[in-house]
Amino acid sequence: MAHTRVQLTSGWTFKQQEWSSEEWLPVSQVPSQIHMDLLAHKKIPDPFVDINERAVQWVGDKVWQYKVSFPTPKASSGDLTTDLVFEGLDTFATVALNGKEILKTDNMFVSYRVNISEHLKHDGDNVLEIEFDSAWIRGRELVKEHSHEHNFLVRQTEAGRVAVRKAQYNWGWDWGPILMTAGPWKPVYLEQYTARLDDVWAQNEVASDLKTCSGTIYANIAGQVHTNDKLAVSLTLDGKNIIQEQVTIPNNGKVSVPFKIADPQLWYPLNYGPQTRYNLQATIVRNDIELHATFKLIGFRRTELVQEPDAHGKSFYFRINNVDVFGGGSCWIPADSYSSAISPKRYYDWIKLMAEGNQVMIRVWGGGIYEDDSLIDACDELGVLVWHDFQFACASYPTYASYMKTLEVEVRQHIRRLRWHPSVIAWAGNNEDYQVQERYKLDYDFENKDPDSWLKSTFPARYLYEHFLPELVKEEDPFMIYHPSSPWGDGKPTADPTVGDIHQWNLWHGAVNKYQEVSLLGGRFISEFGMEAYPHLSTVQRMTTHPSQLYPGSMTIDFHNKGIFNERRMTTYVSENFRLKYDLPSYIHLTQVVQAEAMRFAYKTWRRDWGTAGDRKCGGVLVWQLNDCWPTMSWAVVDYYLVKKPAYYAISRALRPLDIGVTRTYHDWTQTGYYIDENSKLCTGQVDQTLPARQSAFDVWIASSNVQPVDAQVTVRFISIRSGKDVTDSITESITATPNATTTVFSNKPLKPSIPHHDDYTVPFDVTQYDPYVVYTTLSVNGSVVATDTAWPDPIKFLDMPDRGISFSITSKNQVTVSADRPTKGFVFEEVEGMKLSDNGFDIMPGDKHDITVDGPVSAEKLRWTYIGADDASLEIK
C-alpha cells in the first residue's frame, strides 16, 4: 500500500454540550454545519422561512460537539505515516482522538493536518471528537482582550467578527441573515503514505510575443524520502507529450523541473479564444513502484493590469495574452448561508449561468470564504476570470502577533491552492476597508512608505494590504496581479473616479441618483454598483408559510430584505419611473423592470466608455451582486434558487460580443439639470416636463469585443408608442465596427418633436396631441440581426400604454414566439426554479418576433407573462 485516503463522511453524531450523553443525534454526512444538522432533526425551524431567523439565534451561543468512530487503517509497512486531515473546521475547535487532545483551531479558512500514527488504537475503533466553541462569544472576548492595542471598528454588524478568522457574513450583512455556523464544514479524511505529493504547480511566464512559455514545475514531497526516489513529471495536451522527465528527489523533498514550450496553446477568457488546458501529472516512484500520483489541468496565459496615465486620469483594465479585456461580470457572495450545503454541481451551474450570460469576470467578495475548488475549476473550464478578495470586509482589522500568525498560514495556503488556476488573475487586499479608514478618519499618509510606522498608526491594517499580503503574493505566486483593496487607487479617496476601481453606490445608496444618470457616475473600473429588486413570485412565496404575508412590505417580506432603507429606496425608484401598482405580482414586476433598466443603462453606458486602445475610460463593470445566500429581496440578479431576474438578461444583452446602444437626451423630470441661480448653485424642482417632446437628440454606438473588424448595418426606427407606426423615415447606415472598441454611429443627432407647435410656448401643451415614440436600433451582420436596443422617453409613467397587441405562437412545448403590434416595455415571463429561458425581460417592437426556447418544469403553453401597462401581472397564454 503506497498511498490511501479515506474520507470520514458517515457515522458522525452531534449534540449540544449541555445535552445529556444519551442525546447524540446522527449526522447525515460530513462536511456539515450545525444548522443543517439541527434542521434535519427538526430541532430548529427553517431560518429561511417566515421570521424564523430570530428563533435560531441561540444556536450561535452554544458549544457543539461532533464525534465519529473509525477503525485503525491496516498498515502494510512500518514506515507508513497516518495523518488526520481537516480541510476546514468552523471555527474554534478542540479535537481529541481517543480522549487525547491533538489539535486546537481558531481559523475557519485554514486546513489542518495531524500525524496520528502514535495515537491510533491497536485493536478496536478509534473515537474522534470535535468540540466547537461559540464564535460569537469568542469574538467578543477577543475584542475585550485586545482592546488595549486595537480599535475594532466596523461598518457592518458587530465588532466581534473582526477578531475572528471566519466568514464575516455569518454575523449578518445587508443582504443576508445572522446565522452563526459551526462544525466540520469541509472534508475530514485519513491519509496514509510513506511519501506523498504535498503540492505541485507550474510557475510560468508567457513571453510578450506569446511565442514561448518558460517556467518551472515545482513539487513538494512530504514524508520519508529514500535515496534514488524519483519524481516523474509529464505535461500533455490532447494526448501528446509536451514535457516528460524523471528526476531524483533530493532529501529536502523539493523538486524543480525547468521547462520552455514553443508556440504554447494559451488559455483565453470567454469570447476571446479557447480555454486550453494542459494535463500536468506528477508521480513519486520508488523501486519502480508508484507511491503517489496527482494531476491537474493547468493553463498558460499572460496577464497584466494596465494602469497608465491618460486623458481621464489613470487607466485600470486587464490585458490577457496581449488582448485588452473589458471586465464585464458580477460580484459573488457565498451561494448559501451554509457553505457546506453547496454541491460541486451547484457551483458549476452558477458559473455556467455567468458564461451563458456573456459575463467574463467574477469578483469573489472579501466577507465570505476563499472560494471552493469546484467554483474555480468551473471558471477555468468556462473562461470566467476570477478577481479574488482576501477575506477582509468593511472593518479596521488588527495586526497583533497571534492574529498575524494564523493569518500568514491562511494566506499562504490559499495562494498555493489557487496559483495554478488560469482563471485566477488577481488578488485584492480587502473589501471597502479603506472606506472605514475614511469614515473614522484613521491615520493614512500615502507618502509615508515605512511599513513599521503603519503598525503604530490608528489604521494598522494598511500594513496588511500594502506590505504583508503583497509580499506573500510575490513569494508564493510571483506573476500574480495584486491590488491593495477594492476600491482603491493610488492612495486617493476611494470615490475618486479617475484612478483605480470604485464602488459606485450613488445609485441606490448615497445620492440615490436616477439610473438614467449613470453617465455621470462612471469610473476607471466599477467593481460594485447595484439596484435592488424582488425575486420572482415563486421565490417570494417560499419565504413564508402564511398567505396573509404575501404583499409588498409585509412584516415577513420586509424582514427578509436586510438592506437599510430598502422600501424607501425601492419605492422611490419604482414610483419615479413607473405607475405604481401595489399588489404583490405587479410590484415584483415593477421592481424587476427597474433593476433591469438600471443594468441596461449602466452596462451599456460604461461599456461605451471602453473606448479604443489607449483611451480606455472604463475597464469593466461588476454588478453587486450575482447571487444570494438565502431567499430574499436584494441586489442579486439571480436569486438563491438560481432563478434569474430580468436584470440578468439585460446584462447578458449588454455584454454580447457585438452589441448596439442607443440613448436620447436626458431631461430630468424632478429637478432642473442646470443652475437656476449660478451664484447660489441652485437647481430647483420647477421643471418643464414637456422638454422631451420639444427638443431632444440621440446617440447610437457599437460595442465590440471581437478582435477583428466587423462589417455591419445599423438601422434606426422611430416608432409611435400610441399607434405602433413609424413617425418618420428610418435611417440605415453601413459601418465597420472597430475591433475591441466602441464605434460611434450617430452623435447628438436631432430627434423630431413629438407635438405640433413644439417651438411655440404660448400654445398650451395638449397631451391628446402628444405622440411620443421610441428610438429603436438594430445591428445586422450578413443580413442577420445580432443586437437591438431601444431608447424610450423617460419617465415611462408619463406614457399611455393600453393594449399592446401581444400575440404568441407556440411551435412546440419548448418554443414560443412573442410579437406585439405596439412598442411594449418590460415583457417578462414568470420564472420558477429549474426553468431555463433563452431570453426574458425584453422590450418588443412592432415587426419583431422574439423566439424563446423554454426548458424545465414549465412548458411553453403554460408560461405566465406580463408587461408594463398590462391589465394583470400574471397572464396566461391564450
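This is a predicted model: local features need pLDDT of at least 70, side-chain atom pairs count only at pLDDT 80 or more; totals for chains, interfaces and linings use all residues.

Me: What makes E2 and E4 count as paired strands?

Reply: The cut-off is at least two bridges between the strands. E2 and E4 have four, so they pair. Within that pairing, Gln16 stands opposite Trp64 in E4.

Me: And how do you know that E2 pairs with E3?

Reply: E2 and E3 are joined by two bridges, again antiparallel. At least two are needed, so this pair counts. Here Thr13 stands opposite Pro26 in E3.

Me: Why do you say that both faces of E2 are covered?

Reply: Thr13 and Lys15 lie on one side, Phe14 and Gln16 on the other, and all of them are buried. In a regular strand, side chains alternate between the two faces of the sheet.

Me: Why is the contact between Arg5 and Glu191 called a salt bridge?

Reply: The N to O distance between their side chains is 3.5 Å. The limit is 4 Å between a side-chain nitrogen of Lys or Arg and a carboxyl oxygen of Asp or Glu, so the pair qualifies.

Me: What makes that a link between distant parts of the chain?

Reply: Arg5 is in strand E1 (residues 3–7) and Glu191 is in strand E10 (residues 188–193), 186 residues apart.

Me: Buried or exposed: what do you call Glu191, and why?

Reply: Buried, because its relative accessibility is 2% and the label applies under 20%. Arg5 comes in at 49%, between 20% and 50%, so Arg5 counts as partly exposed.

Me: How do you know that Glu18 and Lys62 form a salt bridge?

Reply: Their closest N and O atoms are 3.8 Å apart, and the pair has to be within 4 Å. Glu18 sits in the loop between strand E2 (13–16) and strand E3 (25–26), and Lys62 in the loop between helix H1 (34–40) and strand E4 (64–71), so the bridge ties together parts 44 residues apart in sequence.

Me: Which residues are linked in a network of salt bridges?

Reply: Asp199, Lys296, Glu408, Arg412, Arg416, Arg419, Glu475 and Glu476. The structure holds 47 salt bridges.

Me: Now the whole chain: what does its secondary structure come to, and why is it called as compact as a globular protein of that length?

Reply: There are 14 helices and 45 strands. The radius of gyration is 29 Å, close to the 29 Å that the globule rule gives for 878 residues, so the description holds. Of those 878 residues, 61% count as buried. Residues 24 or more positions apart account for 71% of the contacts with a separation of 6 or more.

How values were computed:
Residues are numbered from 1 along each chain as its sequence is written. Side-chain values use heavy atoms; hydrogens and water are left out. Buried means under 20% relative accessible area, exposed over 50%, partly exposed in between (1.4 Å probe, protein chains only). The radius of gyration is taken over C-alpha atoms; the globule rule is 2.2 Å times the number of residues to the power 0.38. Contact means heavy atoms within 4.5 Å.
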